Structure formats: C-alpha cells, structure tokens
Amino acid sequence: MINPSTAGWRVFSDNHTLTGLTIRVVGASGRGDQNQQGMSTLLLDAKVNRGNGLGCTGFYGFDLVLDGAKGAAFFAYGASYYTLRKVYAQNSLADSFHNTAGAQYGSFYDCRSKNGGDDMMAFVYYDGQDSGAAAHHMTVVRFQGFGNTHGRGLANINCHDIYVEDIYLEGTSAAGIIIAREQYGTTTARQPTYSTKIVKSTNGRNRVVGCNYGSEDHGSVFSRNG
C-alpha cells in the first residue's frame, strides 16, 4: 500500500520487468494536477535521468493491477519502447493510462481501465505543461474501458502515429474517442494531431457504448484539428 502523495512504483532506468503485482494507493483524496507523474501508481520517468544517458527504455509490465492514485494510474513521462500486457488500472483520480512528454513506441495489449477520474487511455502533449515533444508511435490492442467520472475514453491530443485495434469503451463523461488539437490554459499547443488509425481485426470489434453522458458536448466520437 502506497502513500498517495508519492508515486507507487517509479522506474528511472532501462530494461525493467514487472509481473504479477497489485500496486494499491490508499487514502487518495483530491486530484494531484500539479504533480500528476509524482502521484502515479506506476511511473516510467525518462526525464530525471536524461543527463546521465539513462532514458527509461525497454520496460515490460505483465499481469498488473494499478489501484488508486491522486494522479494517473500509469504515467509514461518521455519513456520509450515499453510494453504493457494485461495491466488493469482502476480508481485513479486522474487518467488511467497517460503518455506524454515525448513518450514513444509504447504498446498496450489487453489492458483495461475501470472507474477512472479522467481519460481512460491518453496520448497528450500540452506545450505549457509537458516538456519535450508529442507522444508518438503507440499501439493499443484489445483495450477495454468501463466508466470514468470526467474526461474521454481514447484521447489523442496533439500527438501522432497512434494505432488502435479492437477497443471497447463504455460510460465516458466526454467523448468515447477524441482526436483533436487543444490548448492548455494560456499556452498554444505547437503540434498538430495526425495519423491515428483505428481498425478491427477479423474476429474483433470496435465499440463505443453510452459515452458522453456528461455536460461536454462531444458526442461519442469527436475529431478536429485546428
């Protein structure tokens, strides 16, 4: 059990493997907007070690439960070439899966979000908040999302080259799927949003069910670039 003011499990260097664990944050109250990565259940932090040649590359997570966080349940901050398989994120007060600050070549297979506080699976870049560059070259296969209190299901905001196959999204406050360029506060996002591909396998499906129940007028799928 983890203190909600700190990250539950922090990865700073390369080629880590984590399997068969439940990481649970207890007593989290109030979302940690100003330090989301520092309050995540599982954090891949490439920024802290950039000066000494370590870039947080090659992480592999399998059969994990990430339960509760003031920030995101999973947070990739500039990490690269990481894979999550059967990772279940639940009860976070911010995003369930959050990829930003130049995170690249991340893969998610059979992962799930339940009862999150914001986006279920997010690839985002806001120039005033996330240093570095847009997240890019991401793969999401057979992802399932069940309910959040705020935010979207699958979100590509100012990022590019996102491949998605066979997703099921249910009960999002805003859009089930959003592909858009957005502003954050008084800053202007520098990157366009492009190259998002959502496909169905031979026996698979893509479904968006009961989404946009909140006051944000997005519809189930929302797309714009401008």
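Modeller: Start with burial. Buried means under 20% relative accessible area, exposed means over 50%, and partly exposed is in between. Keep in mind that this is a predicted model.

Colleague: Why is Phe74 called buried?

Modeller: Phe74 has 0% relative accessibility. The cut-off is under 20%. Therefore Phe74 counts as buried.

Colleague: What makes Asp217 exposed?

Modeller: Asp217 comes out at 70% relative accessibility. Exposed starts over 50%, so Asp217 counts as exposed. Asp217 sits in the loop between β18 (207-209) and β19 (221-223). Its C-alpha atom is 8.1 Å from that of Ala175, and the two residues are 42 apart along the chain.

Colleague: What is the overall picture for the chain?

Modeller: The protein chain has 19 strands and zero helices. Of its 226 residues, 52% count as buried. The accessible surface is about 9500 Å², with 45% belonging to carbon and sulfur atoms. Take the contacts with a separation of 6 or more: residues 24 or more positions apart account for 71% of them.

Colleague: Now the rings. How many aromatic pairs does the search find?

Modeller: Ten, across the whole structure. One of them is Phe74 with Phe108, at 5.9 Å centre to centre and 80° between the planes.

Colleague: Why is the pair of Phe74 and Phe108 called edge-to-face?

Modeller: Centres must lie within 6.5 Å, and planes over 60 degrees apart count as edge-to-face. Phe74 and Phe108 give 5.9 Å and 80°, and the pair is edge-to-face. Phe74 is in strand β5 (residues 74-77) and Phe108 in strand β8 (residues 104-109), so the pair links parts 34 residues apart.

Colleague: How do you know that Phe108 is buried?

Modeller: Its relative accessible area is 1%. The limit is under 20%, so Phe108 is buried.

Colleague: What makes Tyr82 and Phe108 an edge-to-face pair?

Modeller: The centres are 6.1 Å apart and the planes 85° apart. The limits are within 6.5 Å and over 60 degrees. Tyr82 lies in strand β6 (residues 80-92) and Phe108 in strand β8, so the pair ties together parts 26 residues apart in sequence. Tyr82 is buried too, with a relative accessible area of 0%.

Colleague: Which residues form the aromatic cluster?

Modeller: Phe74, Tyr82, Phe97, Phe108, Phe123 and Phe143 form one cluster. The largest nonpolar core has 39 residues, and those six plus Leu84 have the most contacts inside it. Strand β6 gives the most to this core, with four residues. A second, separate core has eight residues, among them Ala122, Ala155, Ile157 and Ala180.

Colleague: What does Phe108 contact beyond its neighbours within four places in sequence?

Modeller: Its contacts include Phe74, Tyr82, Leu84, Asn99, Met121 and Thr139.

Colleague: Why say that Arg85 lies over the face of Tyr109?

Modeller: CZ of Arg has to be within 6 Å of the ring centre and within 35 degrees of the ring normal. Arg85 lies over the face of Tyr109 at 4.5 Å from the ring centre. Arg112 does likewise over Tyr88, at 4.1 Å.

Colleague: On to charges. What makes Asp45 and Arg10 a salt bridge?

Modeller: The N to O distance is 3.6 Å. The cut-off is within 4 Å, so the label holds for Asp45 and Arg10. Asp45 lies in strand β3 (residues 42-45) and Arg10 in strand β1 (residues 9-11), so the bridge ties together parts 35 residues apart in sequence. The search finds four salt bridges in the whole structure.

Colleague: Are Asp45 and Arg10 buried or partly exposed?

Modeller: One of each. Asp45 has 6% relative accessibility, so it counts as buried. Arg10 has 39%, so it counts as partly exposed.

Colleague: How do you know that Asp67 and Arg24 meet in a salt bridge?

Modeller: Their N to O distance is 2.9 Å, and the limit is within 4 Å. Asp67 lies in strand β4 (residues 60-69) and Arg24 in strand β2 (residues 17-24), so parts 43 residues apart in sequence are tied together. Asp67 counts as buried at 10%. Arg24 counts as partly exposed at 36%.

Colleague: Where do Asp119 and Arg152 lie?

Modeller: Their side chains meet in a salt bridge at 2.7 Å, N to O. Asp119 is in the loop between β9 (112-116) and β10 (121-124), and Arg152 in the loop between β12 (144-148) and β13 (154-157). The two are 33 residues apart. Both Asp119 and Arg152 are buried.

Notes
Residues numbered from 1 in each chain as written. Heavy atoms only, no water. Phe/Tyr/Trp six-rings, centres within 6.5 Å; stacked < 30°, edge-to-face > 60°. Buried < 20%, exposed > 50% of the residue type's maximum accessible area, 1.4 Å probe, protein only. Contact = heavy atoms within 4.5 Å. Areas by Shrake-Rupley, 256 points an atom, 1.4 Å probe, with all protein chains shown as cover. Core = buried A, V, L, I, M, F, W, Y, C linked by side-chain atoms within 4.5 Å.
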